[in-house]
Amino acid sequence: MSENEVRKNVPFLSVKDLVVEYKSDGQIVHAVNGVSLSLEKGKTLGLVGETGAGKTTIAKSILRILPDVGAKIAKGSISLDGKDVLNLPENEMRKIRGNVVSMIFQDPMTALNPVQKIGDQIAEVIRLHSDEYTDFEKRAKEMLEIVGIPAERYSEYPHQFSGGMKQRVIIAIALACNPTLLLADEPTTALDVTIQAQVMDLIVDLQKKYETALLLITHDMGVVATVCDDVAVIYAGNIVEYGTKEQIFDHPTHPYTIGLFGAIPDMNEDEIWLHPIEGLPPDPTNLPQGCAFSPRCKYAADECRKEPISVYKTPDGHDCRCCRINEISTQED
Amino acid sequence: MRKKVLALLLCAAMTASVLTGCGGKADNAGSTAGGESGTTQEASGTEQAEPAGESAVQETAQVEPSTTLSDKEVNIGYGTVIDSLTPFRANVANDSPYFVQLYETLGVLDGNREMQPYAAKSWETSDDGFTYTIEIWDTISDSAGNKITAADIVWFIEESKARALKPIFAKVDSVTQTGDYTLELKLTDNKFGTIDTILMDVFVVSKAAFEASSDEFGSSVVSTSPYVCTEFTASASISFERRDDYWQDIENLPECVRPLQKKVNYKLITEASQLGIALETGEIDMAINIATETGSQFVDNDNFVVDLSDGRSGWQVFFSGADTSPAANDVKLRQAICYGIDAQGLIAGLCSGYATQMWDVCSPFTVGFNENWKNESYYDYDLEKAKALLAESDYNGETLTILSSSSATASRLAQLLQNYLVAMDIKCEVNSVDMALYTSIRLDGTQYDMVINTVGEYSLADNWSIRFDPAAYATGDATSRHDYDLAELIYKTWTLDGFTEENINEVHEYLKESAIAYGLVNPQLFTVWSKASGLSKAVTGARRNYIVPSACQFE
Amino acid sequence: MRNTMINNLTKSNKKHKKQSELQRVIKQLKKNKIAMLGLYILIVEIILAALAPYISRYGYAEMDLTACFATPSFKHFFGCDDMGRDIFSRVLYGGRYSISIGIIAVLIAVVVGICIGAVAGYFGGQVDNIFMRILDVVQAIPGMLLMIVISAVLGPGFMNTIIALSVSTIPGMARMLRAQMMKERDSEYIEAAKSINCSQFSIIFQHLLPNCISPLIVQATMGVAQTITLAAGLSFIGLGVQPPLPEWGAMLSAARSYIRQSPHLVIFPGLAIAVTVLALNLLGDGLRDALDPKLKN
Amino acid sequence: MLRYIVKRLLWMIPIILGVTILVFTMMIFCPGDPAEIILGSTAMEADLAAKRVELGLDKPYLIRLATYISDVFFHFDLGVSWITNVDIMSTIADRMPRTLILAVVTLVIAFGLGIPLGITAATHQNKWQDHVSMVLALIGVAIPNFWLALLLIILFSVKLGWLPAMGVGTGLAGIQYYILPALANCAGALANSARQTRSAMLDVIRADYITTARSKGVAERQVIIKHALKNALLPIITTMGISFGRMLGGAMIIETIFSLPGMGSYIIGAVNNRDYPIVQGGSIMLAIAFSIAMLLIDLLYAAVDPRIKAQYASSKKRKKVKAVA
């Protein structure tokens with residue numbers, strides 16, 4: 001999509017027109033509604049949006065680990081290194097999970113199996129994706145050291161670790177097989193503020209070291225600013241704005257993105273009030289016609305509420321799903 | 001959603017098919033009674049409904065008593081369990097057939113209900129049955145080699161008296177050893193049958209062996225019997241093997257205690273239907289005293305022989321003697337009720353036809369029963385007469401309570417009685433309680449108006465003494481009645497001399513006229529064995545005259 | 001004055017919440033076809049039992065000694081038992097006794113369990129300790145044994161059977177309610193109730209209990225089923241209701257020796273128990289799912 | 001850990017004492033005169049009175065209770081049966097193993113079938129497999145167990161002749177005698193285990209660490225067994241404990257039908273005969289067995305879940321915290 005950049009090679013991850021639905025109580029939840037994105041090796045893409053916007057669902061779709069009950073990838077395609085992920089047989093897919101693509105989860109408190117030693121949890125992923133001659137235990141201990149946990153703690157259980165340490169264990173699991181793509185689903189949200197930076201630094205360091213591509217899901221614009229190359233802003237299962245970090249930060253165009261920036265406290269400016277986005281995210285079982293953001297949008301006009309909005313190019317060349325870019329840019333300036 | 005319901009239906013259908021499958025197949029085994037008798041050995045069901053006097057015991061008496069010791073091993077099923085083999089025991093389960101193999105007694109009842117010497121050589125009384133001189137064999141020895149002398153017998157009787165587990169030993173005044181093999185027994189009364197019961201209840205045991213036992217013979221026994229108990233699992237099984245060093249010659253033994261089989265194994269199975277299943281699966285060769293509903297399913301089955309004999313005790317109803325009960329002093333009411341009960345209905349409803357009517361409170365099996373009574377009428381069913389008597393009585397719509405134990409037969413009998421009483425417009429409720437509660441309130445006539453019981457002591461005198469003697473219990477007789485006229489008549493029969501036909505008749509007539517108790521129905525006793533076992537002569541004997549498997553002859 | 005106003009306010013609020021919660025549960029339950037099947041079966045059974053005298057042609061104790069062991073026919077839909085009584089009538093009337101034994105025994109157990117569990121769970125500390133040690137002792141005795149001993153103490157009869165059955169059901173109920181209470185006790189809405197000076201009684205019974213009741217409802221539904229089978233067990237031992245009352249367990253137990261030659265004596269009361277217990281369990285499972293939003297997808 | 005075990009064992013003493021007092025007291029209120037039951041219907045008043053004195057029934061309640069407690073707790077003597085005069089402790093030594101074996105075989109069958117059923121139901125939630133599994137499990141619990149016992153006997157012993165219908169055997173071959181009773185007895189436990197497994201698995205299957213396991217590339221089967229089931233075991237073990245407790249005393253009907261001389265039929269017989277020492281002694285031993293079983297269950301928790309193990313190990317610390325709170 002980001003055609004403003006000349007690509008040297010085909011993107012490693014390419015998601016096209018992905019639609020994911022959940023069935024619950026006979027109602028259909030439209031979690032992801034036609035998302036397209038791509039990511040090259042070694043690069044970082046930030047996926048930004050409110051809770052419930054469908055960010056995690058996109059990540060899980062890539063790994064095909066959506067819950068069996070009710071969740072369905074209705075449309076679209078995902079390809080990894082040219083392979084069509086959605087049509088791979090399950091045993092092929094298993095070879096990809098944890099090996100080519102791995103994932104870091106939001107809540108380290110619940111993401112580790114409470115009745116298994118942490119060392120074994122790391123060793124398990126290594127065992128699954130390496131030949132029989134590998135010394136899993138040794139490798140797992142190495143991984144522990146790499147993420148900054150003494151190897152002696154191999155035989156301890158998750159409950160003996162703090163949240164930050166658990167997240168380190170999860171990172172160790174995720175990176176143990178040296179994946180090409182790392183999906184990090186709000187890796188720092190559940191942590192203390194003081195720990196957040198440490199963990200984020202660790203992820204970025206390791207990403208650089210192993211040249212891993214990183215899909216970073218977050219709602220923390222600060223993290224995005226420091227870490228990402230590209231940014232996609234998601235609202236109600238749809239990418240509303242997509243471009244390089246600079247494009248998005250310098251020229252936010254979509255009203256929602258603008259709203260997001262307005263909700264961040266800025267120490268440099270002397271503002272008494274933050275500017276929260278009015279209203280609530282829409283009910284995913286009953287999305288508004290046209291632009292999903294229109295009910296909360298102060299720029300909304302009749303044309304916004306009629307039919308699905310297509311993607312427009314902004315003046316600096318990034319994508320924005322808003323039919324009133326021009327009007328907005330004049331007003332903002 | 002439809003799938004859910006479908007799944008449910010599927011499961012339901014599966015269970016249903018399993019059920020009907022089992023039921024249907026089961027049906028083949030038990031065919032309806034009353035069909036043509038296949039062989040002479042099988043008793044036909046419908047005939048039993050007739051008030052025929054002769055019992056249905058099969059005719060095998062022509063075969064001579066045998067002295068041939070066979071190598072046969074037989075497996076027997078029986079429904080009463082014991083938890084211990086100890087010789088000092090209460091009366092519970094004391095009529096179980098395995099006691100014949102477990103212990104020798106001084107005397108034993110043979111198949112004709114006559115007392116035969118066993119360990120005792122002889123006994124005689126010097127003064128009308130108060131004092132007995134008993135002589136035992138001088139060759140008795142137990143399986144551990146201990147010689148038995150009169151001292152052992154004296155010890156056993158004294159010990160039994162001291163432990164007070166069997167009431168009969170309370171009638172022993174004193175017992176003294178008079179020689180190596182003779183002793184003298186003084187009794188406190190000379191009621192007919194007392195000595196016989198004692199002879200049957202004295203187990204011949206060596207004092208030395210008993211004292212050497214760690215658990216008072218609870219789990220392993222050293223006895224003088226022709227068999228040794230080789231295995232005992234409490235409440236489950238007892239096995240016996242014939243002794244090679246038995247002290248007595250086989251010819252000297254009464255037929256019913258001859259050890260013809262090499263091994264006899266008893267499986268103790270309390271659940272009646274399981275006894276039947278054990279027979280079918282071949283687990284046991286013979287089931288002794290099996291319940292009617294289970295036994296009747298083997299009638300007309302070509303693979304089994306059914307031996308039917310008259311019940312030993314019969315079932316009775318006793319009217320309360322407490323003044324609080326409307327029935328206590330109202331002869332007309334009692335007679336009305338007796339007339340209103342159809343013995344034939346009870347025979348059909350309680351025993352599927354496998355029963356006889358009764359002619360007295362006691363069954364014909366009881367010693368002293370007069371066969372002539374069978375020709376008399378005994379409150380033959382007559383609803384008109386019953387209603388007429390009821391109208392004459394003082395009955396005024398009170399609700400009568402029938403007390404029964406909660407055992408299957410007793411509570412069914414109570415329900416049948418209730419049905420008859422309701423039919424003659426008497427209000428009536430059943431109080432069916434567990435055995436222990438029953439035992440504790442059955443003497444208290446204020447707790448019921450009628451009580452159902454099965455009373456079957458050795459002799460009529462015994463039965464009467466525990467039922468109708470107003471001095472027997474704190475509350476009076478067994479129903480809190482104080483009928484001293486009746487007591488006079490009963491006391492007359494209590495001596496050896498007084499136990500005459502004339503005196504007995506007087507009591508019988510009195511009981512019948514006053515209708516304070518009424519014999520209801522006498523279920524027949526089922527003993528069933530498989531044809532494959534090859535039994536050629538069934539020998540009966542001992543306390544209840546059951547078939548004694550160790551003494552039977554097999555082909 | 002202000003206090004009562006707040007009280008009224010919270011009350012009306014709660015009432016509203018409770019009703020909508022109830023509606024939600026009913027809506028959930030209605031979606032569960034299997035649970036509804038269970039419910040319908042029960043309703044039909046209760047109606048049949050209530051109308052027994054109008055449906056059956058015979059009394060439950062009415063004997064026809066010429067029809068002993070009669071097989072099912074037009075005259076006797078389920079045949080006749082060993083004493084010539086119409087099994088169809090007995091099964092119908094039996095529903096009255098079996099179902100009401102189950103329901104009453106469980107109701108008693110629930111009420112007593114609520115009192116013990118609520119008090120122990122709410123106050124905690126020594127009170128809780130004492131109650132729990134007593135329950136420890138009672139639960140250390142196998143339930144069936146406890147039930148038998150109590151039946152033996154009380155003697156047979158309809159009411160005594162109910163008492164014996166309920167006593168052995170109480171500890172389980174009490175414990176569960178206590179655990180639930182302890183979980184809810186520290187919640188913020190209880191703090192809130194305390195802060196506006198609600199009485200302890202009102203906190204326990206108006207605020208805490210409604211929030212602890214849903215597992216209790218499930219347990220009680222299953223409890224009724226279990227009690228019906230336990231009553232059958234009591235009849236097997238010769239305790240239980242008085243004959244000729246046609247309690248299903250008693251019928252089954254009395255007829256068990258005839259299973260080979262006249263299986264219909266055993267099948268119909270057995271099926272009656274099985275269907276009822278199954279229906280109660282299906283309903284209980286459905287209720288649990290409906291009451292526990294966590295178990296939905 | 002050892003400290004915890006010792007503490008739990010010491011806790012058993014007051015509980016057993018409580019059981020002793022409770023059962024002793026309840027038996028006092030049982031209508032029915034033991035003397036009369038022992039001596040039978042032929043006994044006369046004088047014999048009965050003598051028997052009551054012999055049994056100590058004439059003494060006041062507290063003295064009898066005190067004597068009994070001192071016998072049991074200081075001399076470890078449960079006394080002898082009033083009716084058969086047999087030592088109760090040795091009878092229980094014979095019978096208790098049978099009841100325990102029956103309980104264990106029952107549990108093995110019940111959970112061996114129930115857990116897979118529950119897993120199938122949970123992994124196919126709301127699909128037909130779910131409904132068939134649960135209805136199958138429920139049908140088991142709906143059938144009164146003695147009815148089921150009779151049907152099983154007819155099918156497996158009479159028709160097929162595969163298994164013995166009654167009695168006890170010795171040695172390893174003796175296990176076959178327990179199979180039918182266990183099958184008849186397991187229905188309730190089976191339904192409970194299936195149900196509990198299902199709901200515990202449903203809870204666990206949604207947990208994040210299951211997603212983690214999947215994201216690691218673990219095969220679905222391994223995810224269910226290694227990750228999900230192990231975490232779902234706690235509530236399943238609880239159910240197992242409850243079922244085991246129930247089986248200790250609740251198998252009496254099964255024991256009666258299958259002529260299996262275990263504790264249940266022993267005590268029931270004693271209740272019917274008002275043989276107080278057996279009822280009391282039997283209840284005490286069952287309560288001890290029950291308490292030990294519960295302890296084992298708690299230790300099993302610790303084996304399964306390291307968090308609980310840590311709690312036990314630091315139970316002293318925990319208590320302090322509680323005291324402060």
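**Chain contacts and a four-stranded sheet in a predicted model**

Me: In what order do the four strands of the open sheet in chain B lie?
Reply: In this predicted model, the sheet of chain B is open and its pairing is antiparallel. Its strand order is β4-β5-β7-β6.

Me: Which strands are the edge strands of this sheet?
Reply: Neighbouring strands here are turned by 20 degrees against each other on average, direction ignored. An edge strand pairs on one side only, and this holds for β4 (120-125) and β6 (172-177) of chain B.

Me: Which residue of β7(B) is the bridge partner of B:S174?
Reply: Strands β6(B) and β7 (residues 182-187) of chain B run antiparallel and are joined by five bridges. B:S174 has its bridge partner in β7(B), namely B:K186.

Me: At what angle to β6(B) does helix α3 of chain B run?
Reply: Helix α3 (residues 150-163) lies across β5 (131-136), β6 and β7 of chain B. Its angle to β6(B) is about 160 degrees.

Me: Which element gives the largest share of the side of chain B that touches chain D?
Reply: Among the five pairs of chains that touch, chains B and D have the most contacts. Their contact takes 53 residues from each of the two chains. Elements of chain B that give two or more residues to it are α1 (2-29), β10 (263-268), α6 (272-281) and α12 (435-441). The largest share, 11 residues, comes from α1(B).

Me: How many residues of α9(D) are buried?
Reply: Helix α9 (residues 187-205) of chain D reaches 26 Å from its first C-alpha to its last, close to the 27 Å expected. This helix is mostly covered, and of its 19 residues the number buried is 18.

Notes
Residues numbered from 1 in each chain as written. Chains lettered and ligands numbered in written order. Predicted model: local features only at pLDDT ≥ 70, side-chain atom pairs only at ≥ 80, totals over all residues. Contact = placed C-beta atoms within 7 Å. Expected span 1.5 Å × (residues − 1). Buried ≥ 20, exposed ≤ 12 C-beta atoms within 10 Å, placed from the backbone. Pairing = 2+ DSSP bridges. Axes fitted to C-alpha atoms, helices over the stretch in contact; angles between N-to-C directions.
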